[in-house]
Amino acid sequence: MSLTEDLTTGSDKEQADRTSRNKLLYAAGGLVAFLVALALLSHVPGSTGQIAASMLRVAIQPQTAALAVAVIGLNIHFGYTGLLNMGQAGFMMLGAYGFSIAIWKGQPMIVGILAGFAAAFVFALLLGIPTLKLRGDYLAIVTISAAEILRYTGRLAKLENFTGAAQGIPGSQYRGPFADLSFLPQDTNWTFPFTKLTYPLTGTDDWWTRLVAWLVVALCSYFVFLLARSPWGRLLRGVREDEDAIRSLGKNVFAVKMQALIIGGLFGALGGIIFILPSSMQPDAMGRNLTFFAWTALLLGGAATVFGPVLGSILFFSVRIFLQGITDAVLPSGLMNTQQTEQFAWICIGVMLMLIVIFRPQGLVGDKRELRFNV
Amino acid sequence: MESRAVVWQAPVTKILAAFFLTILTLAAVAAVQPARASASASLCLPSANNSCITSTVRSDSGVIAGAEVRVTGPGGVDETLTTDEAGKFSLSVTETGEYTLVLVPESLDESLTVTNGSVTLNVPRMNRVRAPVFGVRTADYSATTSFSDQLINGAFSGLRLGLLLALASIGLSLIYGTTGLSNFAHAEQVTLGGMLGYLFVNQWGLGLLVGAPLVLIAAGFTGWFQDRVLWMPLRRRGLGLAQMMIVTIGLSLTLQYVYQFFIGASTVKVLVFNPTPQSLGPISYTYPDLIAMAVSVVVISLVGYALLRTRVGRATRAVSDNPALASASGIDVDRVIRLVWIVATTLAGLSGLLYSLVIQRGMRWDSGMQILLLLFAAVTLGGLGTAFGALIGALIIGMVVELTPVLGAPGDLKYASALLILILLLMVRPQGLLGRAERVG
């Protein structure tokens, strides 16, 4: 899939296409097998069953889907274009604020979604203009700073009537229009066959949100699949591999980077909207660490792949629960309390991020040749 | 190789010795101050079976003696305490939970107005000291602090913060200059200074005199260790800078949760003390403030001197300029980078120790993370990779942060204002204040 391969002869290209398609099939099959195995294991009595059940629960929760969408955006930034966006949580927050504030103030849902997109669009423009002509780490520093400025501003006590300040906006203020769209019956609990997952069909934290969230993930993945195969997608990879070469071909590198930043940012905003649907809009939930989680998920799954972000997000959440559950179950209870096992799981996540980058920079399904670039 | 190694060793030891000697002397001065303060406050000592609620009631004109504080809390605690002549009160409690302290207005002089007379605090477990703060003002308080006075006082606080930021950002800048790495885990090195201070001074009771040098040695060791086991092997492997930056993010996450693992969400203090504010004209300060600032100035000057005048410093600047050329002229680049890591982490540790002593009066697991962006702003503002630029950048950022509330912006935005200035500057002068005008990117 890399540039050089695009230039090779037809049969080689077919071969490469077939390998990457096989890889995709293996990864998708592996993921399905993983979920099925969790569902089966959750019936085992004792702590094994409990761990499997909670892993399955977080694997399909709406927040996982939300992170996946944001990571798909980050993949356009980093995986395809090589932009070091350290402020994806800022894009998510803008989407979420736009959506929740507009509906809270009595606007229809479509206005809310558009408001979120518009905010992310303007944010991307503002960030891109001063930094996209500079070396990559400037973008990193500016995006992380700007995302933090947004969070500080959202938390301002003076803006309480507009953003809800540090408390944020409760879900009940904006969930209504989305729940009204549901064609599933209200307040009826439903258990997914052969699992222990029981949620209301429509209500708070319901199947409806899960259905829509994962549908959005599928659509976004398909969109990126088409983008990556298009001439524009090749241009993105060209910018990533060798900016000067693309410039010498007469392309406007700055414009290409800006387009990538905006499109990835819009995915971030969409992810933010999904992120707050089952819970509430809290600015502190979308701080730096959320950006870092998105990066971990992206690198875990594999940057510059279509399926990597989805795989990475699901694994990111379920591996953490797995680690926490295992430590809880295996260690004698006096050694660590529940909080400490949770923190222990996070420590492992941090170490995992380092190890992935060092030993398997292509992630689970990536192609190592795609990640030779240096920003 | 051997002879060069010897040439190398001499200045390094000399600098390090001078460095620690200065710290030692200054720490000695610092250690005297809290000892004097704590002499009259030893009314309650926390132990495994009890926690202490202790504080000083004061207004802007001084401490208030004879004020009454009513404490209610779990286990039927309902006591009224009277402050002593130093304005202090303390209570030993044996149960965890929420305590409410109310300042009895009738016990105060009529010229005083209470701005915050009721404090609710949580005692999470035993062996803790909690210090509630009441707000009391003299009637003519607002009249005495004019705008210019606030401005001067804000500038003083800005200088104090700027100097401490400079300590940490010089290290960050040196690392960037010599290796090209934006180290996101530098903030955790700052936190580490406060954490180690808490461990050595507060928990092990070593005293600041012994504890502070130990903190610096331990912090420096983490730098050596990191470079030895992580960064040098990665450089050898030729891992890209973007990937290395993500490794620092992983390290940052790991360390944050390691701190949380040990101390949870609480704020740990290096020293439990309540320095008496002095005032010089409009400036209000405490002795620890002055000591911290003096230490920073001395250490920063030492680093500056080392960079400009010593062989090691010249070698460091040569590596910053052009590693390949430096290597070709016989400089052992790896050794320079190793030294830079040691110095950078030591400086960050010192910064964290002082930060937790005088600015935040304690350290939380995410305290470093809160100032990381200020550090990056300082470094970028001054010009990525230039140590003196980092100093100037840090002073500017410190001033901006402390002056923003004075100039009328909401206090919550004081960190945001520094970042905004960074973004604006990048639009007009992307290479930073002291950076060379060259094409970056």
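The model I am reading is a predicted one.

Entry on Leu165(B). With residues up to four places away in sequence left out of the count, I find that Leu165(B) touches Ile371(B), Leu374(B), Leu375(B), Ala378(B), Ala394(B), Ile397(B) and Gly398(B).

Entry on the cores. I then looked up the largest nonpolar core, which has 217 residues, and noted that Leu165(B) is among those with the most contacts inside it, together with Val69(A), Leu374(B), Leu375(B) and Ile397(B). Helix 10 of chain B, residues 333-359, gives the most to this core, contributing 16 residues. Apart from this core I find another, of 16 residues, which includes Cys52(B), Ala67(B), Val93(B) and Phe134(B).

Entry on the domains. I see chain B divided into domain 1, made of 2-32 + 148-428, and domain 2, covering 51-144. Taken over C-alpha atoms, the centres of these two domains of chain B are separated by 36 Å.

Entry on the contact between the chains. I record 42 residues of chain A in contact with 38 residues of chain B. On the side of chain B that touches chain A, the elements giving two or more residues are helix 6 (241-263), helix 11 (367-382) and helix 13 (414-428) of chain B. Helix 6 of chain B supplies the largest share of that side, 15 residues.

Methods. Residues numbered from 1 in each chain as written. Chains lettered and ligands numbered in written order. Predicted model: local features only at pLDDT ≥ 70, side-chain atom pairs only at ≥ 80, totals over all residues. Core = buried A, V, L, I, M, F, W, Y, C linked by C-beta atoms within 7 Å. Buried ≥ 20, exposed ≤ 12 C-beta atoms within 10 Å, placed from the backbone. Helix = DSSP H or I, 4+ residues; strand = E, 2+ residues; numbered from the N terminus. Contact = placed C-beta atoms within 7 Å. Domains from an automatic or database assignment.
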